[in-house]
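Reader: Please take a close look at one part of this model, the surface patch and what surrounds it. Start with the overall picture, then go in.

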Amino acid sequence: DVDGRTDLDDLVVTGVSTFSANIDANGDLDVDGQTDLDVLNVAELATFSANIDANGNLDVDGQTDLDVLNAT
């Protein structure tokens, strides 16, 4: 049981962790496995190295360059 601020050099968690307030990650975040997000806001560049499957509407503001577009 830890109350207050705690500075840790390394923290390894092997079970489920629940956070009841905001999480502020100021470095890289590496997630292996499935990640479910209710809302995702990307403020800068996003790079995808595999297919993207968008099952809803796609709203693009600004210039869009497409090498191949198949619309059915």
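Author: The protein has a radius of gyration of 19 Å, whereas a compact globule of 72 residues would have one near 11 Å. That radius is taken over C-alpha atoms, and the globule rule is 2.2 Å times the number of residues to the power 0.38. This is a predicted model: local features need pLDDT of at least 70, side-chain atom pairs count only at pLDDT 80 or more, and totals for chains, interfaces and linings use all residues. Residues are numbered from 1 along each chain as its sequence is written, and side-chain values use heavy atoms, with hydrogens and water left out.

The C-alpha trace spans about 55 × 25 × 20 Å along its principal axes. The protein has 0 helices and 0 strands (DSSP runs: H or I of at least four residues, E of at least two). Of its 72 residues, 0% count as buried (under 20% relative accessible area; exposed is over 50%, partly exposed in between, with a 1.4 Å probe and protein chains only).

Now the patch. L8, L11 and V13 make a nonpolar surface patch of about 310 Å². Patch residues have over 30% relative accessible area and no salt bridge; nonpolar side chains (Val, Leu, Ile, Met, Phe, Trp, Tyr) are joined within 5 Å, like charges within 9 Å. L11 counts as exposed because its relative accessibility is 62%.

The structure also holds 1 salt bridge (a side-chain nitrogen of Lys or Arg within 4 Å of a carboxyl oxygen of Asp or Glu). The side chains of D7 and R5 form it, at 3.3 Å from N to O. Both D7 and R5 are exposed.

Technical notes. Accessible areas come from the Shrake-Rupley method with a 1.4 Å probe; for residues, only the protein chains shown count as cover.
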